[in-house]
Amino acid sequence: MGVDLESISEATSGAIGSLLSTTILYPLDTCKTKYQAEVQAHGQRKYRNLSDVLWEAVSNRQVLSLYQGLGTKNLQSFIAQFVYFYGYSHFKRLYLEKSGFKSIGTKSNLILAAAAGACTAIVTQPLDTAASRMQTSAFGKSKGLCKTLTEGTLSDAFDGLGISLLLTSNPAIQYTVFDQLKQRLLKQKSNKADHASSPVVLSAFTAFLLGAISKSIATIITYPAIRCKVMIQAADPDEDDDDKTKRPRPKSRKTLPGIVSIIWRSEGILGFFKGLDAQITKTVLSSALLLMIKEKITATTWVLILAIRRSLLLTKGRLKSV
């Protein structure tokens with residue numbers, strides 16, 4: 001079976017786009033995650049809005065701690081997007097080849113996107129959990145990747161996997177909406193430029209706008225599950241305590257029913273949507289940047305892959321002739 005170069009091109013451009021967008025927006029992501037992980041108790045809460053998290057880092061002279069876990073997050077993000085875009089592109093090609101259809105319907109697109117998302121969640125869950133624990137640790141007290149992953153059991157590294165699988169509906173909704181809007185716009189442009197020699201592509205602004213719209217829709221629908229996942233993966237507050245004389249307590253097992261109960265009793269129904277504005281701000285900007293960058297580098301990535309393939313074939317031919 002030959003290598004699917006088109007899928008590799010999609011995966012590589014998507015992964016690079018994710019790496020850049022994650023790095024640019026990481027301080028905002030850290031503030032968002034710490035804000036989401038906090039539970040209001042008896043009307044008291046440490047962070048009343050997203051800016052309180054930023055002010056805490058500034059006032060404690062721990063601004064660089066806003067980047068704690070960046071390496072892990074970038075690794076997780078790069079692998080996740082590569083696996084997702086490769087799986088999504090490859091599944092679409094297989095579907096079209098097997099079905100004989102010329103295009104993919106909305107329902108089929110959702111299923112294929114969810115399948116790609118499920119593969120991504122399983123592969124990258126330990127890194128996702130570690131990144132969340134690093135971000136929610138007290139500023140300046142984040143542990144390294146290896147220590148974070150090895151301090152618990154293997155099952156601890158997969159905390160939140162069930163919700164991650166449920167949240168495959170998020171990128172499924174996002175990329176389905178994006179693809180459908182993109183196809184309609186490109187079709188309209190191609191009808192207006194039938195005699196143009198160059199291929200019709202989205203502008204950077206249009207790709208950014210479509211990415212923002214599609215991610216907003218997906219985020220609003222799936223947000224309660226997103227917050228529950230953050231709370232399950234968050235670092236235990238006891239781990240950040242400076243008092244070394246306290247007897248260490250066994251780590252409490254966080255479960256979805258338990259987290260739902262805590263949010264309901266402490267914050268009510270609105271608690272499931274705490275931080276929604278911060279989530280939308282971060283994820284919309286991140287996804288829009290990702291898709292914008294991906295659209296712009298896909299063609300370049302494809303040319304580079306073809307050039308590498310040609311070079312390898314020429315080298316192989318020379319070796320055979322020797």
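Tutor: A nonpolar patch is made of residues with over 30% relative accessible area and no salt bridge, whose nonpolar side chains (Val, Leu, Ile, Met, Phe, Trp, Tyr) are joined within 5 Å. A salt bridge is a side-chain nitrogen of Lys or Arg within 4 Å of a carboxyl oxygen of Asp or Glu. Accessible areas come from the Shrake-Rupley method with a 1.4 Å probe, and for residues only the protein chains shown count as cover. This is a predicted model, in which local features need pLDDT of at least 70, side-chain atom pairs count only at pLDDT 80 or more, and totals for chains, interfaces and linings use all residues. Residues are numbered from 1 along each chain as its sequence is written, and side-chain values use heavy atoms, with hydrogens and water left out.

Student: Which residues make the nonpolar surface patch of about 390 Å²?

Tutor: Ile-16, Leu-19, Leu-20, Ile-24 and Phe-78 make this patch. Helix α1 (residues 5-24) gives the most to it, with 4 residues; helices are DSSP runs of H or I, at least four residues, numbered from the N terminus.

Student: Does Ile-16 count as buried, partly exposed or exposed, and why?

Tutor: Buried means under 20% relative accessible area, exposed over 50%, and partly exposed in between (1.4 Å probe, protein chains only). Ile-16 counts as partly exposed because its relative accessibility is 33%.

Student: Why does Lys-229 count as buried?

Tutor: Lys-229 counts as buried because its relative accessibility is 16%. This residue lies in helix α10 (residues 204-233).

How values were computed: Patch = residues over 30% accessible without salt bridge, like charges linked within 9 Å, V, L, I, M, F, W, Y side chains within 5 Å. Helix = DSSP H or I, 4+ residues; strand = E, 2+ residues; numbered from the N terminus.
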